[in-house]
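Subject: Handing over the structure

Dear colleague,

I am passing a structure on to you, and below it you will find notes on what turned up in it. Please read them with the structure open beside you.

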Amino acid sequence: MTDIRNIVILTGAGVSAESGIDTFRDAGGLWEQHKVEDVATPEGFARDPDLVLRFYDMRREAIQTKQPNAAHDALARLDAEWDGELLIVTQNVDDLHERAGAGRVLHMHGTHLQAWCTACDRRLPWTGPMIDRPACPACGARSLRPDVVWFGEMPYGMERIQAALRQADLFVSIGTSGAVYPAAGFVQDARAMRVRTLELNLEASMGSRWFHESRHGPATRIVPQWVDELLAG
């Protein structure tokens with residue numbers, strides 16, 4: 001793999017599942033027994049903000065009790081040792097990549113550990129509850145919401161992601177279902193730009209046919225194996 005210098009990695013729920021963080025939703029379209037449209041859309045928030053804030057308060061609290069696993073650790077090692085360009089684009093809203101030590105991370109779906117003030121448009125670190133409508137530390141308005149991208153909202157960093165893909169020699173998708181766009185389309189974008197593509201997933205995803213190579217198994221096993229192989233060069 002001596003011809004690989006610039007890498008874009010997409011990570012999804014499968015990377016954090018072995019840390020005890022639930023995958024996004026089950027086959028019935030439910031997310032922890034809630035309809036996705038009730039807790040993960042702007043319309044749901046407008047309709048019942050208490051339900052949404054309580055739901056995210058619980059998840060924010062739970063995420064802070066979880067720990068990075070061997071897959072997070074391996075990607076952090078890659079980030080530390082890879083001297084080419086690297087961008088870890090994550091669909092996950094936990095902070096386990098960062099807690100493992102990775103720095104070149106882009107949260108395209110936002111993060112549980114930030115609040116967004118819709119009054120002053122500031123995004124602020126946040127670890128506590130929002131259900132009691134705390135004041136924004138920046139402007140004082142009681143207009144905070146989770147800084148998480150809901151269905152119907154534009155993911156963060158799309159221009160940066162596309163620019164990284166254009167410069168990439170390798171695109172790797174780890175622990176993703178291949179069902180949520182626009183992330184599910186990154187492999188097709190990469191193929192159109194003649195970028196080598198690799199899938200690391202528990203099982204074949206909905207987009208497996210687009211990858212040059214797919215490796216299946218638990219992320220805590222196959223991600224460290226791949227990183228070791230890549231760094232051994």
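Two strands are said to pair if DSSP finds at least two bridges between them, and the helices (H or I, at least four residues) and strands (E, at least two) are themselves DSSP runs, numbered from the N terminus. The model is predicted, so local features need pLDDT of at least 70 and side-chain atom pairs count only at pLDDT 80 or more, while totals for chains, interfaces and linings use all residues. Residues are numbered from 1 along each chain as its sequence is written, and side-chain values use heavy atoms, with hydrogens and water left out.

**The sheets**

With that rule for pairing in hand, strand 6 (residues 110–117) and strand 8 run antiparallel and are joined by four bridges, and within this pairing G110 stands opposite V148 of strand 8. Both strands belong to an open sheet of three strands, in the order 7-6-8, with antiparallel pairing. Its edge strands are strand 7 (123–125) and strand 8, each of which pairs on one side only. On average, neighbouring strands of this sheet are turned by 45 degrees against each other, direction ignored; for such angles, axes are lines fitted to C-alpha atoms (for helices over the stretch in contact), and the angles run from 0 to 180 degrees between N-to-C directions.

A second open sheet has six strands in the order 5-4-1-9-10-11, and here the pairing is parallel. Strand 5 (105–107) and strand 11 stand at the edges with a single partner strand each, so one side of each is left without a neighbour in the sheet. Neighbouring strands of this sheet are turned by 15 degrees against each other on average, again with direction ignored. Inside it, strand 1 (residues 7–11) pairs with strand 9 in the parallel sense over five bridges, and V8 stands opposite F171 in strand 9. Helix 7 lies across strand 1, strand 4 (86–90), strand 5 and strand 9, and runs at about 135 degrees to strand 4.

**A residue in strand 9**

S173 lies in strand 9 (residues 170–174). It counts as buried because its relative accessibility is 4%, where buried means under 20% relative accessible area, exposed over 50%, and partly exposed in between (1.4 Å probe, protein chains only). Leaving aside residues up to four places away in sequence, S173 touches L10, L198, E199, L200 and F211, a contact being heavy atoms within 4.5 Å.

**The aromatic rings**

Rings of Phe, Tyr and Trp (its six-membered ring) pair if their centres lie within 6.5 Å, and planes under 30 degrees apart count as stacked, over 60 as edge-to-face and the rest as tilted. By this rule there are four aromatic pairs. One of them is the tilted pair of Y56 and W150, at 6.0 Å centre to centre and with 50 degrees between the planes. Y56 lies in helix 4 (residues 49–63) and W150 in the loop between strand 8 (144–148) and helix 7 (158–167), so this pair ties together parts that are 94 residues apart in sequence. Y56 and W150 are both buried. The rings of F171 and F211 are stacked, because their centres are 6.4 Å apart and their planes stand at 15 degrees.

Finally, the charged end of R145 sits over the ring of W150, 3.8 Å from its centre; this description requires NZ of Lys or CZ of Arg within 6 Å of the ring centre and within 35 degrees of the ring normal.
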